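Reader: Hi! Could you walk me through this one? I'd like to ask a few things as we go.

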Amino acid sequence: MITAPQNRGFVEPGHGSGLLDVGRRRYLLSLLVRKEVQVRYRGSVLGWLWSYVKPTFQFLVFFLALGVFLQQNRNMESYPIYLFSGLIVINLFNEAFGNGTRSIVDNGALIKKIYLPREMFPVSSTIVAFVNFLPQLVVTLIVCLLVGWHPEPTQILGLVLGMLIVIVLSTGLGMLFGAANVSFRDSQNFVELIALVATWASPVLYPWTTVRKVLPDWLLQIYLVNPLTTAVELFHAGLWFPTTSETADLPPDLLLKGGLALVIAVIVLLLGQLVFRRLEGRFAQDL
Amino acid sequence: MPRTSETDARIIVRNVDKRFVLRHTHSLKETFISLIRRKSLVTTFEALHDIDFEIGEGESVALLGFNGSGKSTLLKLMSGVLRPDRGQILTRGRIAGLIEVGAGFHPDLSGRENVYLNAAILGMSRKEVDERFDDIVAFSEIGDFIDTEVKHYSSGMFVRLAFAVAIHTTLDIMLVDEVLSVGDEPFQKKCIAKLRELQSQGKTMVVVSHDLDTVSRLCERGILINKGRVVFDGGSADAVAAMRAG
Ligand SMILES: Nc1ncnc2c1ncn2[C@@H]1O[C@H](COP(=O)(O)OP(=O)(O)OP(=O)(O)O)[C@@H](O)[C@H]1O
Ligand SMILES: [Mg+2]
């Protein structure tokens, strides 16, 4: 009796199909991404250059501190490329995750007044972060080519896999924390903490072999199961490794680990979607 | 309960309650402390109670009531912005909601960008907006301001543009909240004329306005809400009379 009207074209307003709706409404998604890109640096002189100033400085600081002062530069071949190729992965993650977490609250005005699939916001945050990431990748590739980069197809595949892992993972986490952030604004501070940890908990500034030296095997396995670590290592394998004499030790079965990391990321995404749908009904009234 | 009109209904509202939880806390710490002290930091407020009606295809309904009676809440439930706590709401067809001034407008974008964004939110494709863009701007009479950021618009200009976008979408149901009263008189007349045109095309509409005379002339049916309950449902002139009688 209750379900009968649905068969005649009736729907319950406000009950979408989540991420599937985002896929269906790509035009709206593209406009939201454009909006985000336009609004972000409105009123600043350097504008979008800021998104390159930041990674450049970050790179210089780390390079000076770790590469020169701590002499990683001497211990490792092509340390600058090692450093930068890992940093851009972590930056992609941190930006997508951070913006995704803030996206629901930031778009409160829209969410309170008009219905649209709310998953749009974390997804568009990830896309914006990716748009920001691409030029950084291009710069890295150019530098790699200049120093004689000769990757194999599996290494290129690894790069794509690495990006996919980060994109899926950060979208899932962005949905999870973005939804929680509506009621608990602590979430966004918590996420800043995670961002800080993420930079150090993956082999971005140091090689993973130094971790192998100090951690017992079971702890090392836990360290390596972190999908971000895998993504970073996939980037090292694809960008940095082919520019060296290829004697360095990469984690074993990297592509397999990549597959596992992607599975973990997809699980996080599904979990994020689940929690998001649970909390979504209250967004408009709690914001 | 036999419902004869169900076959051509557009909106079905069945035994709907809407409660708002007023939380007096917003941090984990405060929540934690209140948990320990077993003190409740929430009060619930029932904004709508057992609302039950249907709106048929081509019907125009005026939603009447004093401030805070729950009219906007009801419209938000129909548009999907809010969800009912009990009961069910069903709609059939595309909805364009004009709830509150500037719904779906981003202050930092220009009028032009906002038209595209808002139209896309209402479900239009790029091609559709391209085709109708000139009509939308012409209707709004915004003129050269279309390329100005909307934060520099007056509230009337805001409403003009939002209204123009909404009525140029392909829609079956139009929800209008309080926007008619913001525009100046010539624009109001134009809006009413446009709404009448939509009526003659068989569109369904629900209109909230404190301009009782205008809204009762526009709509045949009136639903009067008082403190979250439907107290009158019938002819709009009678509904206005009931409201004035108190
Ligand atoms: N998000 C919310 N959280 C808590 N209370 C809310 C929320 N939205 C509305 N209310 C409450 O619900 C009641 C009904 O509000 P609503 O906006 O529906 O009134 P209205 O009939 O539209 O009034 P008006 O004529 O002033 O526009 C009000 O008491 C309001 O305080
Ligand atoms: Mg209202």
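Reader: Which residue does A:Arg24 form a salt bridge with?

Author: A:Arg24 forms a salt bridge with A:Asp21, and their closest N and O atoms are 2.7 Å apart. A salt bridge here is a side-chain nitrogen of Lys or Arg within 4 Å of a carboxyl oxygen of Asp or Glu. The two residues are three apart in helix α1 (residues 19-24) of chain A, so about one helical turn separates them. Helices (H or I, at least four residues) and strands (E, at least two) are DSSP runs, numbered from the N terminus.

Reader: Before we go on, what should I know about the model and the numbering?

Author: This is a predicted model: local features need pLDDT of at least 70, side-chain atom pairs count only at pLDDT 80 or more, and totals for chains, interfaces and linings use all residues. Residues are numbered from 1 along each chain as its sequence is written, chains are lettered from A and ligands numbered from 1 in the order in which they are written, and side-chain values use heavy atoms, leaving out hydrogens and water.

Reader: Thanks! How many salt bridges are there over all chains?

Author: A search of the whole structure finds 28. Between chain B and chain A the count is one. That one links B:Arg83 with A:Glu280, with the closest N and O atoms 3.2 Å apart.

Reader: And how many residues does each chain bring to the contact?

Author: Chain B brings 49 residues and chain A brings 39, where contact means heavy atoms within 4.5 Å. On the side of chain B that touches chain A, β1(B) gives the most, with nine residues.

Reader: What about the area buried between them?

Author: About 3,800 Å², with 58% of it from carbon and sulfur atoms. Buried area is the accessible area (1.4 Å probe) that two parts lose on being put together, summed over both.

Reader: New topic: which strands make up the open sheet?

Author: Four strands, in the order β1(A)-β4(B)-β1(B)-β2(B), with antiparallel pairing. Two strands pair if DSSP finds at least two bridges between them. Strand β1 (residues 10-11) of chain A pairs with β4(B) over two bridges, and A:Val11 stands opposite B:Thr91.

Reader: Which strands stand at the edges?

Author: β1 of chain A and β2 (42-56) of chain B; each has a single partner strand, so one side of each is left without a neighbour in the sheet.

Reader: How many bridges join β1(B) to β2(B)?

Author: Eleven, and the two strands run antiparallel. B:Ile12 stands opposite B:Glu54 there.
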